[in-house]
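The sequence and the model are shown first.

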Amino acid sequence: MRNFKSIFFKFVASFFLIIVICFAAMSFAVSSILTSYGTEIKAKALATSAGSLFTYIKSDFNDKGDYDGLGEYLFTNIRENADYQRKLSEMMKLFSGNDGEIVFLIADDKGLVLMCGGSGGTKISEVANSSFVKDESGEKDTAKYYYIPDEIQKKLEEGKTFVKVDSPHDMYGFFKSDYMYYIFPVYNGGEFTGSILAASKSYGETDAVVSEMNKTVITSALWILIATFVIIYFVTNRFISPIREMSRAAKAFAKGQFDVRVTVSGDDEIAELATAFNNMASSMQTMEDMRRSFLANVSHDLRTPMTTISGFIDGILDGAIPPEKHEYYLGIIASEVRRLSRLVSQLLDISRLEAGERKFNPEIYDICEQGREIIIANVQRLEEKNLDVRFECDRDNMYVFADKDAVHQIFYNICDNAIKFSREGGVYEIKITEKDDKLYVSVYNEGQGIPKEDLPNVFERFYKSDKSRGMDKRGVGLGMYIARTIIEAQGEKIWVESEEGEWCRFTFTLKAVKQKKNGEGKGGRKE
C-alpha cells in the first residue's frame, strides 16, 4: 500500500487519468461530429431518393393522363400491371444509389403499403413487423397487406409536407429494427393521395469511419500511455531521487551522522534544493563540531579552575600551604573565580539574547572617549608586549546613539582579543571614522591573524581559531557570537578581515549623531 501513496504513483495515475479523459473527450467529440454529419448526409440522400422516385411516378402519371388521380393510378398499376411493377422496381433500385440498404415503401391515402422495393429487392416481411398487417386473410410477404403506423399517417393527413426523422428509429414499431427514414407525402389537386418512404438501416460509410476512428484513437491512446509511462518514469525519477536521498540523509542526521550529503545534478529548482540541503548539512555539521568543541572547552574551563581552587583551598585548610603564602594563593583562587564568573556571564548573555530578554537602552555618548578608556584599562598588557599603539579619530569627540554598556562589552572584547593575538612589538591600532551618518570603529593588530577558511565562522557560537588553546586559554568561543548578536540587534553590522600570520582587523558600525550640546547627558536627544 505504501507504493500507491508514493509521488511516482500519483504522477503516473494523474497523467494516465488526464490522457484517458482527453482521448475519451476527443473521441466523443469527433464521433459526435461524424455521426451528426453522417446523419445529415444520409437524411439528404433519403430525401433525394424519395423525391426522385416521386418525380418519376408523377411524370409517368402525367404522361398517361387517363386517371382521376395519382392514388388511382398507383393503385391500378401497382396492383394490376406486372410490367409497371417491374419497371417501378427497377427505378427503386436505381434511385437507391450505391447504398444497398435503402428500402422504398409506396402507400396510398389510407396508409396501405402498395409496393416495397430497393436495391436488394427487399421483401416487406424482412423489414416490417407482421402486427401491421390489417387484412389477416392476405399474405404477410406481400406489401399490399401492410399499413403505415397511424401516428405517421395522421401527420400526413394533417397536411404535413413531409415527416422526417434524423436519428435511427423503429417508426412506432413498424420496423423490426432501427431505421433512418424519410416520408414524402403525395398530393394531387390539393388532396393527400399517398406517400413515398425511403429508409436505411445504418449510416453506411459513416459507421465504418466512426468505428475506424475509435480504433485509431484507442490504439493511439495506448501507445501514448506507454510512452507517457516511460517519460514519467525518468522524469519523476529525476525529481524523486534527490528527495529520497534527502529523506535518507535526514534520517542519518537524526542519528547524529552529519557527514551525509545529497548528490547534486543539473541547475533546476531540485538542484537548488539539494544544494541548500547540503549547505544546511554542512552548517549542522559545523554546529555539531562547534558544540562538541564548546562542551570540551567549557568542561576544560570549568574543571581547570575548579581543580585549582579546590586544590589550593585544601592545601590552605590542611596546612600544606604555609600562612605566608596564603595571600598569594588566594589571589590565584580569586582570579580563577573571576574566570568562572566570566564564563557563566557569557552563557547567561547568550541565553538572554537568544530568548530576546536582553533590552537595549540607546543613548548619545562619545565613542572616542570609550576607546581611550579601554586603552588605559589595558596599558599594562600593551606594555608587556611592547606594542606600537595607535589611536586615530576623525575628531577628538565623536558621538553615537547606542547602548553604551553593550557597545563597551563588544569594543572591549575585540580590543582584548587584538592584544592577546598580537605579536611582540607589533602595531595595535584603534581607528574611528565617519561616513554617511555611520561611525566605523575598527581594531587592527599585527600578529597571528585568522586563516582564510576560518573567516566565515568567526562569529559562530563556540568557535575558537586557536584550536590548540596555546594562546586563547581564557575564552570558550562565545565572545564574537555575542558581539555580532548585540550589534545586529541594534541594526548595525560587524565584520572581520585578516591575512593569516600578518594582521587582523575587526570593524563594526554605529549610528552617528552630531556633537551634543553642552548640558546634554545620558539619554539626551539626537540633533
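On helix H3, the exposed residues Asp83, Arg86 and Leu94 sit on the face turned away from the buried side of the helix. Here, buried means under 20% relative accessible area, exposed over 50%, and partly exposed in between, with a 1.4 Å probe and protein chains only. The buried residues of H3 are Tyr84, Leu88, Met91, Met92 and Phe95. Seen down the axis of H3, these buried residues fall within an arc of 105 degrees, so they line one face of the helix. The arc is that of the directions from the helix axis to the C-beta atoms. H3 covers residues 82-95, and its 14 residues should span 20 Å at 1.5 Å a residue; the end C-alpha atoms are 20 Å apart, which agrees. The expected span is 1.5 Å times one less than the number of residues. Helices (H or I, at least four residues) and strands (E, at least two) are DSSP runs, numbered from the N terminus.

The model is predicted: local features need pLDDT of at least 70, side-chain atom pairs count only at pLDDT 80 or more, and totals for chains, interfaces and linings use all residues. Residues are numbered from 1 along each chain as its sequence is written, and side-chain values use heavy atoms, with hydrogens and water left out.

Helix H9 comprises residues 367-377, and its buried residues are Ile367, Cys368, Gln370, Gly371, Ile374 and Ile375. They cover an arc of only 160 degrees around the axis, which puts them on the same side of H9. Ile376 and Ala377 are exposed on the face of H9 turned away from that buried side.

Helix H11 (residues 404-420) has 17 residues and reaches 24 Å from its first C-alpha to its last, close to the 24 Å expected at 1.5 Å a residue. H11 is mostly covered, with 12 of its 17 residues buried.

How are H9 and H11 arranged relative to each other? The two helices pack at an angle of about 45 degrees, with their axes 10 Å apart. Axes are lines fitted to C-alpha atoms, for helices over the stretch in contact, and angles run from 0 to 180 degrees between N-to-C directions. H9 and H11 are therefore oblique to each other; angles under 35 degrees count as roughly parallel, over 145 as roughly antiparallel, 65 to 115 as roughly perpendicular and the rest as oblique. H9 passes H11 in a right-handed crossing, a term used if the near helix is turned clockwise from the far one by less than a right angle, whereas anticlockwise is left-handed.

**Capping residues**

Both helices have an aspartate at the N-terminal end. Asp366 caps H9, with a side-chain oxygen 2.9 Å from the backbone nitrogen of Cys368. Asp403 caps H11, where a side-chain oxygen lies 3.2 Å from the backbone nitrogen of Asp405. A polar contact is a pair of N or O atoms within 3.5 Å; within protein, one must be able to donate a hydrogen and the other to accept it, and residues adjacent in sequence count only if both atoms are side-chain atoms.

Asp403 belongs to the loop between strand E8 (399-402) and H11, and counts as buried at 8% relative accessibility. A polar atom of the Asp403 side chain also lies 2.7 Å from the backbone nitrogen of Asn361.

**Loop residues with positive phi**

Most residues other than glycine have a negative phi. Tyr172, although not a glycine, has a positive phi of about 60 degrees. This residue is in the loop between strand E3 (163-169) and strand E4 (179-188), and Tyr172 is partly exposed at 38% relative accessibility. Asn386 likewise has a positive phi, of about 55 degrees. The loop that holds Asn386 runs between helix H10 (379-384) and strand E7 (388-393), and Asn386 is exposed at 56% relative accessibility.

**Residue pairs separated in sequence**

The table gives C-alpha to C-alpha distances.

| Pair | Separation in sequence | C-alpha distance |
|---|---|---|
| Phe9 and Ile232 | 223 residues | 9.9 Å |
| Cys415 and Glu429 | 14 residues | 9.3 Å |
| Glu191 and Asp109 | 82 residues | 9.2 Å |

Phe9 lies in helix H1 (residues 7-64) and is partly exposed, with a relative accessible area of 34%. Cys415, in helix H11, is buried with a relative accessible area of 0%. Glu191 is in strand E5 (residues 191-200) and counts as exposed at 54% relative accessibility.
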